[in-house]
Amino acid sequence: MDETSDEPPTSAVLLDNCHFSQVIFNNVEKFYVPGGDIICYYTLTQNIIPRGKDWVGIFRVGWKTTREYYTFMWAPLPSDSPSDTAVQQQIQFKAYYLPKDDEYYQFCYVDQDGVVRGASVPFQFRAETEDDILVVTTQGEVEEIELQNKNLREENEELKASCASLEKQNVNLQEELNKRQELQNSLESLRSNTEKLELELSSLKKENKHLKELDECREAELHQLKEQLQNVTSDKERLETRLKTALDHMDQLQSQVLNYEKEVENLSHMDHDKTEQLKSLKEENRQLRLTETHQQQNRDLMKELEEQKRLFQILQAKKNKADEDNQKLKEENELLKHLSQTGTVSSFSVISQAPVPGPEAGFLFGNPYCAAGANLGAGAADAASIRKCPMCEKVFPEEIETSQYEAHVQSHLLECPFCSKTFEKSNKQVFDDHIFCHGLE
């Protein structure tokens, strides 16, 4: 078999339609020794145009079609040469792919259409023997062989002439065959075109039938669309009427909107004025509230002032009374000082005849010398020898100085810095109120 995996182009054309004279095989041996490569020599005549898929095969003698090849090799394309001259070519077959039996085989040149264009004489694959080398014949046999050779030469000449005639006929037949092949190709093309046209015709018929069905559906749809169009037209007229009414209504609404806008503008101005008035009223209200607050504070202050005035009047009355009592105490004090300096009994008699005010006589803090006045009435000797504090009832001896006694009595009193009025230290609150009244004056 061939080394390549591609199958050569073959055909089922019989031997009668083959043209064996277009390729001539040269130097073909009667037999080839098995196990060695062989070279096939052939000549391409001007009657053949070699192509890329032409091939040379080895066929067993008696083959019927080109499919019966034993092995093959692709025929090489000749180098550039004139087409009107013969070209010598050669192909080498590897021993591995050659037949192993001693049957008769021959070379055949097959074109890419699968048609045989030339065939060689038969040959065998066997070893060389002595019978093939030495042949011993008699004289009669030699004469007979020469006669046969002469006859064969004559037959060969006749065959050559017949071959030339046959080649001429072959050329004519080849031309006719080419024409027939072209006609056959045209016929096949026409058949294929006819089949395509028939298929297209069948498709067109189906499409026409489908289009008719679609046309019927379209007519029904068109009728339905016409009815819908009528309905739409009536709806359109009705909508136009409604649209006209709506437009008129919209014009009225626009005029109303304009009026409303004017009213809104007026209201906005009024609202602005009202806002300003409201701000003014709020400010006035705030001022009034402040005024009312001030008035309330003033009223409270007036009430407090009246209360203070009332307290002041009470305190003033008490102050006046206390001033009177104080004046009387001062007079009595002066009298006591004078008595202490003179020490005469006549003075005591004068004092005893003078009125002695008691606590009920109107003194605010009581008479600090009430005890001393009472004791004066008891006896002049006791007054001259014993002194007793009217606040704490402390008794002072005769030998103590008068200034010490007065300082002791004064330590129990508080003197007002404004009016020189005195108050007992035990009544500190009264003294503070008295000072506060001086602050209000």
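Modeller: A residue is called buried when its relative accessible area is under 20%, exposed when that area is over 50%, and partly exposed in between. The structure shown is a predicted model.

Biologist: Why is Asp111 called buried?

Modeller: Asp111 has a relative accessibility of 4%. The limit for buried is under 20%, so Asp111 counts as buried.

Biologist: How do you know that the side chains of Arg51 and Asp111 meet in a salt bridge?

Modeller: The distance from N to O for Arg51 and Asp111 is 3.9 Å. A salt bridge needs a side-chain nitrogen of Lys or Arg within 4 Å of a carboxyl oxygen of Asp or Glu, so the pair qualifies. Arg51 sits in the loop between strands S3 (38–44) and S4 (55–60), and Asp111 in the loop between strands S7 (104–110) and S8 (116–119). The pair therefore ties together parts that are 60 residues apart in sequence.

Biologist: Which residues are linked with Arg51 and Asp111 in a network of salt bridges?

Modeller: Asp113 and Arg117 are linked with them in that network. By the 4 Å rule, the count comes to 10 salt bridges.

Biologist: What makes Arg238 and Asp235 a salt bridge?

Modeller: Their side chains meet at 2.4 Å, N to O, and the cut-off is within 4 Å, so the pair counts as a salt bridge. Both residues lie in helix H1, 3 residues apart, about one turn of the helix. Arg238 has a relative accessible area of 46% and is partly exposed. Asp235, at 29%, also counts as partly exposed.

Biologist: Where do Arg310 and Glu307 lie?

Modeller: Arg310 and Glu307 both lie in helix H1, 3 residues apart, about one turn of the helix. Their salt bridge has an N to O distance of 2.2 Å. Arg310 is partly exposed at 40%, and Glu307 is partly exposed at 34%.

Biologist: Why is Met250 called partly exposed?

Modeller: Met250 has a relative accessible area of 37%. Met250 lies in helix H1, which spans residues 139–342. Together with Leu243 and Leu247, Met250 makes a nonpolar surface patch of about 260 Å². A patch residue needs over 30% relative accessible area, and Met250 at 37% therefore passes.

Biologist: What is the phi of Asn27?

Modeller: Asn27 has a positive phi of about 50° although it is not a glycine. Most residues other than glycine have a negative phi. Asn27 is in the loop between strand S1 (23–26) and strand S2 (31–32). At 60% relative accessibility, Asn27 counts as exposed, because the limit is over 50%.

Biologist: How many cavities of 30 Å³ or more does a search of the whole structure find?

Modeller: The search finds 2.

Biologist: Which residues lie nearest the centre of the second largest cavity?

Modeller: Leu315, Gln316, Lys318, Lys319 and His434 lie nearest its centre, out of 11 lining residues. H1 and helix H6 (428–440) are the elements that give two or more residues to that lining. H1 contributes the largest share, 5 residues. By class, the lining of the second largest cavity has 6 nonpolar, 2 polar and 3 charged residues.

Terms used. Residues are numbered from 1 along each chain as its sequence is written. This is a predicted model: local features need pLDDT of at least 70, side-chain atom pairs count only at pLDDT 80 or more; totals for chains, interfaces and linings use all residues. Side-chain values use heavy atoms; hydrogens and water are left out. Patches are made of residues with over 30% relative accessible area and no salt bridge: like charges are joined within 9 Å, nonpolar side chains (Val, Leu, Ile, Met, Phe, Trp, Tyr) within 5 Å. Accessible areas come from the Shrake-Rupley method with a 1.4 Å probe; for residues, only the protein chains shown count as cover. Helices (H or I, at least four residues) and strands (E, at least two) are DSSP runs, numbered from the N terminus. Buried means under 20% relative accessible area, exposed over 50%, partly exposed in between (1.4 Å probe, protein chains only). On a 1 Å grid over the protein atoms alone, a cavity is a set of points where a 1.4 Å probe fits but cannot get out, and a pocket is an open set with protein on both sides within 12 Å along at least five of seven lines; lining residues have an atom within 4 Å of a point. Grid points are joined across faces, edges and corners, and a volume is the space filled by probe spheres set on the points. Ala, Val, Leu, Ile, Met, Phe, Trp, Tyr, Cys and Pro count as nonpolar, Asp, Glu, Lys and Arg as charged, and the others, Gly among them, as polar.
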